[in-house]
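Hello,

Here is the structure I promised to pass on to you. Please open it alongside this note, and then read on for what turned up in it.

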Amino acid sequence: MTGAPIVVHRPSSSGGPRVSVHRHGRDEILGTAYSDHDLVVFLAAVGVQDPDGILDDGGWVEWRGGRAHQWSAA
């Protein structure tokens, strides 16, 4: 695997960014996040330990197409 296992994609024009996780050899869409809290809930649901603590860890989370913690389209 290359890159972080969790990807926060570019925010869509209609709302927040899609969040995906790479596990069990495939990418899985977790949902659309509208805040850090939403992201933490998604990560906790898939068993990530200390999801609050990894949001700014580039080894865990890749923020694509926008700044980290940017929840709406620019």
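**The tryptophan pair**

Trp-63 and Trp-71 are both buried (buried means under 20% relative accessible area, exposed over 50% and partly exposed in between, with a 1.4 Å probe and protein chains only). Before going further, please note that this is a predicted model, in which local features need pLDDT of at least 70 and side-chain atom pairs count only at pLDDT 80 or more, while totals for chains, interfaces and linings use all residues. Residues are numbered from 1 along each chain as its sequence is written, and side-chain values use heavy atoms, with hydrogens and water left out.

Searching the whole structure gives one aromatic pair.

**The strands**

Strands here are DSSP runs of E with at least two residues, numbered from the N terminus; two of them pair if DSSP finds at least two bridges between them. Strand β1 covers residues 6–8 and runs antiparallel to β2, with three bridges joining the two. Within that pairing, Val-8 is opposite Val-19 of β2.

On to the next pairing: β2 (residues 18–23) is also antiparallel to β3 (residues 26–32), this time through six bridges. Arg-18 has Thr-32 in β3 as its bridge partner. A hairpin is formed by β2 and β3, with two residues between them, and His-24 in the turn has a positive phi of about 55 degrees.

**Two residues to look at**

Is Ser-20 buried or exposed? Ser-20 counts as buried because its relative accessibility is 7%. Its side chain makes a polar contact of 2.9 Å with that of His-9 (a pair of N or O atoms within 3.5 Å; within protein, one must be able to donate a hydrogen and the other to accept it, and residues adjacent in sequence count only if both atoms are side-chain atoms). Beyond its neighbours within four places in sequence, Ser-20 is in contact (heavy atoms within 4.5 Å) with residues including Pro-5, Ile-6 and Glu-28.

Ile-6, in β1, is buried too, with a relative accessible area of 1%. Leaving aside neighbours within four places, its contacts include Leu-43, Ile-54 and Trp-60.

Enjoy exploring!

How values were computed
Helices (H or I, at least four residues) and strands (E, at least two) are DSSP runs, numbered from the N terminus. Rings of Phe, Tyr and Trp (its six-membered ring) pair if their centres lie within 6.5 Å; planes under 30 degrees apart count as stacked, over 60 as edge-to-face and the rest as tilted.
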